[in-house]
Amino acid sequence: MAAAGSPDARGFPPTALSPDAAPFAPLGRQAAEPGSEAGKQFARCSAKLRALRGDSSGLREELNLLFDQLISENYQHTVSPNTSIPSEEVCSLLRHVSSLVPQNQEHLVIKLCQLIHHLLNQLKVIVDEQTCDVLVSYVVRALYNCSQWTHTEVLLALSAVVYGNGPQCQKHLNKLLGEEGVLLLYSSPSQPDMELRRVALTCLANVCFGIPAQPPLEEKYRTECFRIFLRTLQSPKPPNCDELVYCMVVQGALKGLQCCLSCGKWRFGGGEELGSLLATIKRLMFLGAPGVCVEWPPVLYPAPLPQYEGLPTLKPSDPPKEAATPGKGSGNKKKKARGKGKKKGTEEKRTDDGEDEGEAVPSLRGDGANEEGQRDGGEGHWWAKPPALPFHPPRRVNSSDSEFSDPDGRAPSKVRLYQGRVRQGSLHCLLALVKGMEKRTLYGYWSSFIPGAPVGGPPPLTLLTIALKDPSPKVRANALQVLSAMLDSSRQFLGIAEDTASPRTSFTPFSLSLATTIRELHRTLSLALLAETSAHTLTQVIKCLAYLVASAPYQRLRPGLLSPLWKQLRPYIRHRDVNVRVSVLTLYGALVRTQAPLPEVLLLLQQPEGGGGGSGSGGSLTPQDGACSWRHREGVPSPSRTWSVHGRRNPSRAPCSPAAEEDEEQQDAEGSRPPWLLQLCVALVTQPREDQSDSEGVGVGGAQLEPAPVRLEALQVLAHLVRGYFSLAQACLCEMGQVSASCLRESDPSIQLHGAKLLEELGTGIIQQYRAENGPPEMSRVPMALVVQFWIDVLSGPLNGALQNEQHRTLQTSACDALSSILPQAFAQLPDKTQMMCITVLLGLTYSESSLVKAAAVRALGVYILFPCLREDVMFVADTANTILTALEDRSAIVRAKAAWSLGNLTDTLIVNMESVGVDFQDELSDMLLLRLLQSATRASADKDRVKCNAVRSLGNLLHFLHHGQLARSAFQRPMEDAVRALVQTVQSEATMKIRWNACYALGNAFRNPALPLDSAPWASDAFAALCSVVTSCKNFKVRIQSAAALSVPGRRGCYGDAACFASVWRSLAAALENSEDAADFVEYQYCASLRHALSKALLHLLSLGQARDMAALAASLAVGEGRGVRGYLTQFLGGEEEEAAATTTTTTDGEKEGEGSDSQHRVAGLQQTLSRLKELKVEEEEGEEVVTEQESCREVVVDFLQELIRNWMELKVVSAI
C-alpha cells in the first residue's frame, strides 16, 4: 500500500489544510494541460474509476491500484505548475468512489480517506454543498462503523471536506459536536491518543473556519468549539507526551481558537472567561522562550498596573529544559558559523516554516547587551542568562556545517521550531481577539501586554519582550502586528496622557501612568529598531512606531520623544528593501501629520541636514548600513545637495515670474532653505535612482526612478508636510507645483492622483494664510503676485488633461478638488479666459456619468459662488443654481449631499448680495428660479441627514431673501408654508443635533425677513411652539442656545402673535433660564454660561416689546419664585459676568460673537429705555374698568421688577469697584 507520505509516494509529504492559510477559490472548469503528467494520470485513473460499478469483478483490487496511483501523484503547483484539474471533476469523482467503497472494507476506507485528503489538499478544492453532504455522511458513518485504528485517517479526510464548509454541515454537527459526538470525545483533554486528539482539533478548526460572504457557523456549535479549544490550551502537558506532539496539539487548538475569534465580535461569557483566555494566550506566547521560567497567573484582570508573573516553582534538583537553555551544540555551531566568514553573504538555510534550524537563542528575560552596547533597560535581573549574547544572534549559514546534520542532533532544533510556531499561533489568536473586542474592554488589559513604568522587581513579560528578544523573526513580527492593532484607534484612550505638570509625590495619576507607558513604548521600539536584522520584521517595527506616533498626544507630553526617533530613522531611508523605505516614509508622514504643527517637529524640520543625525552627522547607524545602503554612494550627492541642481535653483528651469526670482534671491541671501524632509521627498519622486540593479522602478529616459510605492508614500508625506507646516514649505511653492505637474504628466494613475492631491494641499495652504481671522502677518504670506503666477502655471499645465481624463474618474475628482482650492483674490487676477475655462470645465463636468466627478464639480461650483468677483454676476449665479437644482435630483446620495452644501453657499451669496447690492440684485434674479430653489430645498429637507443638514440652512436663507412682492404672489404662498413647516418638523424631530441646530438657525434667519407674515400666518404659532419646546427640553445645550437666539429675532410685537403666544414664549424662556444648570450630560455643562447669556438677552428683548395686554402674564411670572431666579440671572447678564465665557462658544443673531460690541453700559441703557417706555405705557380703556385696573397693577409689578433689577446692578457695580 502506497500511502500518502510514504517513501513510495515520490517523497512528497502531504500538507494539512489549515484555517490559518488564505482562503482560496475553487478552480474553474478547464481541461488538464496536456504537458502535465499529473493531469494525464488523474484523467486516466478518473476515467477508469468512473467506469467501475459496485458489482464489477475485481473491484477491490482495481480500487486499491487506482487509489495508489492517484495518491502517489503530486498535484501542487510548485511541482506541477501546468496541472489544472477542474474542481467539479474532483468533486464528481469523490462522490462516485465513495459509493464504491463499503464500510466493512477498512483497508479501502483508509485508502479512500487518504485520497480525499490528498486531492482536496493539494488541488486546493473547496467542495460544493452536494459533495460535502455525501462525503461528510460517509466519513461520519466510518467513524461509527470502522475500528478506532482507522479514525486518524478518517478524521484527516473529514478535516479536508469541512474546510470552509462548516455552515453546510449543520445536519451532521450534532453527531460530531453533540453530547456523545465523536469530535468531542477525541478532542477531549482526557483523550490518551495525542495524534487522534490533534487531528480532531484540526477538524474542529476547519469546521469553524469561515469564508467571506458566507454565513458563520451556528452560535451554539461555535461556542462549544471555543470551549473545547480553550480547555485544550489550559490543560497541562501529559507526563509521557512528546514535546513535538504536544506542540502540534496546541497549535491545532490555537488555529481553531483563531477561527472562532475571527468570525466577528465575540460575546464572552460571564465571570472570568475573557481574563482566563488572555492569561492562556499570554502563557503560550512565551512557550519555549529561552530564559522564561515563571509561574503564570490563571486569570488576567483589568488593571492599570501590570500583574507580575510569579517566581519559578522548579525544585532545586530539576534540570533546566533543553529548549530553554542554549546548549553546548549551539555554542559549537556559533563558532563554526563565525569560521565561515567567506559565506557571510550567502542566503541563510531555513526550514519549511521560514525559521532558523540551529540558531543560538538569547534569554527573553535577560538584558544582554549587543555588540554595539545597546541594552534593554540596564537593570540587574535575578534569572540566569548567557553572557553578552546579541539581541538576535548570527544565523546559521549551512546545515552541513553544524552538528545538527545528523538525525539525533536535529531534535532540539525541531522542538524549538514547533515551539516557535505555537508562539506564533498564540499571537495570531491575540490579534484576532484585539480586532474583535470592544476597545474600551481591551484598554483594561493593556498593562498585561504593553510595558509601563518600571516599579521594581523583574520587568513584566510583554509584547515588547517578544519583539526584542524572541529568536524567531516571524514571532517578533507577529508581536509587533498585535501591538500595532492595539495602538490603532487608541487615540481617545491615550489622549488623556499627560506629564507636563509638576510631579506628585502622594499618588500617581492615571494620566501620568499613560504618559510613562508612551515613553516606554518609544524606548523599547527604538531598541527594536536598532537591533532588528530581518527586513520584514523591521518594517513591522517602523509601522508600529507610526501607529504610536499617530495616537500619542505629544502636545500634552514633555518634548524630547520625537527628536531621537527623527534622527534614528534617517539611515533607514537608504535601506535596500523597498518595504522598509516605504514604512519609513509612512512614519515620517505620521510625524508631520500628528497634532500639526508641533513645536518639536517644527524645530526638527528647520534643522539642516547635518544637524538631523544622518549619516554625515554622527547619528545612529543601523546594522544594515554596510550591506543595505544604496542611495548614499561615494561621489553621489545627498538630497540637500541635489536640491540646488534639481530644485528651485536649477538654472535650466524657467522661473515662475520675475517676482518669484526676486523672492528666491532674497531667500538665498538670507540663507533659508526648504526642510530636509521636503527635499528628500522631492528627490524620491523626481530624481533617478543611483542604484540601477533593481528593476522595480519606472524608467524615464533610460534611468530608473524609485519604485511606485516609495514615490506614492513620498507624495503623501509632501501633502502632510504642506498641510501641517505650510510656512516652511511655501519657500518652494513653484517647485512643488512643478513636482505636481510632473506627476500629472506621468502615465501611472496613482502618481497622477497624488500629484493632484498635492496641488490641492498647496492651494488650501495659501487660502488658510489669507484668512483674516487666523492668518499670519502679511509679510509672512506668499506674495499675491507669486500666488497668481503659480495658478497661471498650473492651469496652463497638465491639470487640464487630468480634468478631461474620462478613463480615470478618481483623477478627475481630485483635479476638481484642486481647481476649487484657488485663492479667491488670486482668481480675480487671473486672465479672463483662464477664469472662463475654469467655470466652463466645472459646469461641463456636472454632466459626467461618474457620481464622484459630478459631486466634486458641484462642490467646486459651490466654492466659486462665494468668490467676490463672481457672486454679483447674475448669469453665473443663475447657471450655478440650475446646475445645483439638477444635482439635487440625482440618484446618488453623495451628489445630492454636495449639491445641498453648494445650495447653502448659493443662498449665503444671495443674502450677501441683498445686503451689499440691494433690491437691484433681487429684481434681476428670476422669480421662477427662486421658486424652484425653495421647492427643491424643501424636498431635500426630507432626504438623508447629509443632505438635510444643508437643505434646512438653505431654506432659512431663501425665506430671508424673498421680498414682499414675491411673498404676496399666490405661487409662493404654498411653497413658503411648506418650507416653514419643514423647518418646524426638523426642529421637533429626533434628527442629529447638528441638523436641529441648523433648523433653529434657519427659523431665526427667516424671522429676520420683515415681509414674512408672522402676525397673520397660521404656521407662525407652530414655529414659536417648536422653538419653545426645544429651548426647555432639548438635551443638547447648543440647540437650546440657537433656539433662544431665534426667539429673540422678531423686531415687532405683532410678530409674536396674541397675548397667549407671547406669554408662552416668555414662560418657556424663563423656565429654561431657571433650569439652565441642569445638564444631563457633563459635556453640556461647559455651555451653561452661553445658554444663560442667550436666554437673558431674549427675555430682555421680550420686555422691550411688551404691551399692556402682556403685563398680566409677565407680572404673574415675575411675582412667583420663578421671578427671583430670573432676577438673579438677569443681574449677572447686565453686569457682564458671563460675557467672556459666552463669547467663546456662541454666536448672536446679529452674526457677531456675544459680548463683542455690547458692553454692560449698553445693556443697562437699553433696559432703562424699556423701563421708561413701560412707565408711559397707556392701558387700553375700552377693555373695561376691571381689566384696566388689573393691567395697571400688573404694569406696576413689571416696572418694580425692572427698577429693582437696575438697583441690583448698581450695587453689584459698587461692590466690584471696591
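Good morning. For the protein chain, the mean pLDDT is 78, and 76% of residues reach 70 or more. Over residues 1144-1158 the pLDDT is below 50, and this stretch has 30 contacts (heavy atoms within 4.5 Å) beyond near neighbours in sequence.

Two remarks on method. Residues are numbered from 1 along each chain as its sequence is written. In this predicted model, local features need pLDDT of at least 70, side-chain atom pairs count only at pLDDT 80 or more, and totals for chains, interfaces and linings use all residues, while side-chain values use heavy atoms, leaving out hydrogens and water.

I turn to helix H55, residues 1160-1175. Its buried residues are Ser1160, Arg1163, Val1164, Leu1167, Thr1170, Leu1171 and Leu1174; buried means under 20% relative accessible area, exposed over 50%, and partly exposed in between, with a 1.4 Å probe and protein chains only. On which side of H55 do they lie? They cover an arc of only 115 degrees around the axis, so they are on the same side of H55; the arc is that of the directions from the helix axis to the C-beta atoms. The face turned away from the buried side carries the exposed residues His1162 and Gln1169.

Lastly, the cysteines. The whole structure holds zero disulfides, that is, pairs of cysteine sulfur atoms within 2.5 Å. Cys203 is buried, at 0% relative accessible area, and Cys1088 is buried, at 3%.

How values were computed. pLDDT is the predictor's confidence in each residue, from 0 to 100. Helices (H or I, at least four residues) and strands (E, at least two) are DSSP runs, numbered from the N terminus.
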